[in-house]
Amino acid sequence: MSSVKRVLIIDDESDICLLLSGLLRRLGYQPTCAHFIEEGRQFLTTQQFDAVFLDLNLPDGIGFDLLPHIKEGQSEAKVVMISAFDGQAERRRATEQGADYFIGKPFTRRSIEQALQTIQV
């Protein structure tokens, strides 16, 4: 079995997906991008991931709606919420609903590395 860590990025902004994919690839991860909750759900049904970077606001719903599906189907996967809405309420709700980490946008290489280190993926 491959030792490369697989990461799913669910974010509707192409620039974010490209930036995050490139960064993760350079760090030795194998990223996959989805731009909608439904697309992310399909990837989660057919593949195993070590971590999921999940945007809060997506065209077909909010990231919180996908959290139970991730935790149910891939209990080992760590979830990092990413959002431009970086308030205490969002952070608290993310934690309460099972997210392992929260990063506000815009993020930096350092904040991504710190997230990966904290969730130990």
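The model is predicted. Its chain holds five helices and seven strands. Five of the strands form an open sheet with parallel pairing.

**Overall fold**
- Read from the N terminus, the elements follow the pattern β-α-β-α-β-β-β-α-β-α-β-α.
- The radius of gyration is 13 Å, close to the 14 Å from the globule rule for 121 residues, so the chain is as compact as a globular protein of that length.
- Along the principal axes, the C-alpha atoms fill a box of roughly 40 × 30 × 25 Å.

**The sheet**
- Strands of a sheet pair through backbone hydrogen bonds, in either a parallel or an antiparallel sense.
- Here the strand order is β2-β1-β3-β6-β7, and the pairing is parallel.
- The edges are taken by β2 (30-34) and β7 (101-104); each has a single partner strand, so one side of each lacks a neighbour in the sheet.
- From one strand to the next, the twist averages 20°.
- Val80 stands opposite Tyr101 of β7.

**Helices on the sheet**
- Helix α1 packs on the sheet and touches β1 (6-10), β2, β3 (51-55) and β6.
- The direction of α1 makes about 170° with that of β2.
- Helix α2 (residues 37-46) lies across β1, β2 and β3.
- The direction of α2 runs at about 140° to β2.

**Helix α1 against helix α5**
- A pair of packed helices is described by the angle between the axes and the distance between them.
- For α1 (residues 14-26) and α5 (residues 109-119), the angle is about 60° and the axes are 11 Å apart.
- The two helices are therefore oblique to each other.
- Their crossing is right-handed.
- On the α1 side, the contact residues are Leu20, Leu23, Leu24 and Arg26. On the α5 side, they are Arg109, Ile112 and Leu116.
- By class, this contact has five nonpolar residues, two charged ones and no polar ones.

**Backbone exceptions**
- Most peptide bonds are trans, and most residues other than glycine have a negative phi.
- The peptide bond from Lys105 to Pro106 is cis, with omega near -5°.
- Pro106 sits in the loop between β7 and α5.
- Gln120 is not a glycine, yet its phi is positive, at about 60°.
- Gln120 belongs to the segment after α5.

Conventions
Residues are numbered from 1 along each chain as its sequence is written. This is a predicted model: local features need pLDDT of at least 70, side-chain atom pairs count only at pLDDT 80 or more; totals for chains, interfaces and linings use all residues. Side-chain values use heavy atoms; hydrogens and water are left out. Axes are lines fitted to C-alpha atoms, for helices over the stretch in contact, and angles run from 0 to 180 degrees between N-to-C directions. Helices (H or I, at least four residues) and strands (E, at least two) are DSSP runs, numbered from the N terminus. Angles under 35 degrees count as roughly parallel, over 145 as roughly antiparallel, 65 to 115 as roughly perpendicular and the rest as oblique. A crossing is left-handed if the near helix is turned anticlockwise from the far one by less than a right angle, and right-handed if clockwise. Contact means heavy atoms within 4.5 Å. Ala, Val, Leu, Ile, Met, Phe, Trp, Tyr, Cys and Pro count as nonpolar, Asp, Glu, Lys and Arg as charged, and the others, Gly among them, as polar. Two strands pair if DSSP finds at least two bridges between them. The radius of gyration is taken over C-alpha atoms; the globule rule is 2.2 Å times the number of residues to the power 0.38.
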